[in-house]
Amino acid sequence: MKDLDQVKKSQSKISEKLRMFVYPQLKTEPQFGPNIKKLKNWHPPTWRYRVGEWRFFYEIDKQKNIILMTAAH
């Protein structure tokens, strides 16, 4: 049960960081930042955003003006 509580706390913290820091940065400058890295030899072009132990991978669709994001832990 403790493990589940830790997962819930971790997810809550990550969700807050995504809302407060990551999303605003990606809206203004999705390709550059201290926690952003463009992945080499990925097609379509893909970037990685690091938040603690979490890695969020995303693609930028400039035509639709959206960012497609997935997470890995």
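**Before starting**

The model is a predicted one, in which local features need pLDDT of at least 70, side-chain atom pairs count only at pLDDT 80 or more, and totals for chains, interfaces and linings use all residues. Residues are numbered from 1 along each chain as its sequence is written, and side-chain values use heavy atoms, with hydrogens and water left out.

**Stop 1: the whole chain**

Display the chain as a cartoon. It contains 1 helix and 4 strands, in the order α-β-β-β-β along the sequence. Helices (H or I, at least four residues) and strands (E, at least two) are DSSP runs, numbered from the N terminus. Of the 73 residues, 22% count as buried; buried means under 20% relative accessible area, exposed over 50%, and partly exposed in between (1.4 Å probe, protein chains only). Among contacts with a separation of 6 or more, 22% are between residues 24 or more positions apart, where contact means heavy atoms within 4.5 Å.

**Stop 2: the nonpolar core**

Select I14, L18, V22, L26, I36, W47, Y49, V51, W54, F56 and Y58. These 11 residues form the largest nonpolar core, a term for a set of buried Ala, Val, Leu, Ile, Met, Phe, Trp, Tyr and Cys residues joined through side-chain atoms within 4.5 Å. Helix 1 (2–28), strand 2 and strand 3 each give two or more residues to this core, and helix 1 gives the most, with 4 residues. Next, centre the view on V22. Not counting residues up to four places away in sequence, V22 touches K17, Y49, V51 and M69.

**Stop 3: Y49**

Is Y49 buried or exposed? Its relative accessibility is 4%, so Y49 counts as buried. Beyond its neighbours within four places in sequence, Y49 is in contact with V22, Q25, L26, N35, I36, W54, R55, F56 and Y58. Show the side chain of Q25 as well: a polar contact of 2.9 Å joins the side chains of Y49 and Q25. A polar contact is a pair of N or O atoms within 3.5 Å; within protein, one must be able to donate a hydrogen and the other to accept it, and residues adjacent in sequence count only if both atoms are side-chain atoms.

**Stop 4: R48**

R48 is buried yet has no salt bridge, and the nearest side chain of opposite charge, E53, is 14 Å away. For charge, Lys and Arg count as positive and Asp and Glu as negative, while His and the chain ends are not counted. A salt bridge is a side-chain nitrogen of Lys or Arg within 4 Å of a carboxyl oxygen of Asp or Glu. Display the backbone of N35: its oxygen lies 3.3 Å from a polar atom of the side chain of R48. Leaving aside neighbours within four places in sequence, the contacts of R48 are N35, I36, K37, L39, R55, F56, F57 and Y58.

**Stop 5: the aromatic pairs**

How many aromatic pairs does a search of the whole structure find? The search finds 3. Rings of Phe, Tyr and Trp (its six-membered ring) pair if their centres lie within 6.5 Å; planes under 30 degrees apart count as stacked, over 60 as edge-to-face and the rest as tilted. Select W42 and F57: their ring centres are 6.3 Å apart and their planes at 5 degrees, so the pair is stacked. This pair links distant parts of the chain, with W42 in the loop between strand 1 (36–38) and strand 2 (47–51), and F57 in strand 3 (residues 54–61), 15 residues apart. W42, at 44% relative accessibility, counts as partly exposed, and F57, at 25%, also counts as partly exposed.

Then select W54 and F56. Their ring centres are 6.2 Å apart and their planes at 20 degrees, so this pair is stacked. W54 counts as buried at 18% relative accessibility, and F56 counts as buried at 5%.

**Stop 6: the loops**

Go to the loop between strand 1 and strand 2, where P44 lies. The peptide bond from H43 to P44 is cis, with omega near 0 degrees. N41 is found in this loop too; N41 is not a glycine, yet has a positive phi of about 60 degrees. At 75% relative accessibility, N41 counts as exposed.

Finish at N65, in the loop between strand 3 and strand 4 (66–72). N65 has a positive phi of about 60 degrees although it is not a glycine, and at 69% relative accessibility N65 counts as exposed.
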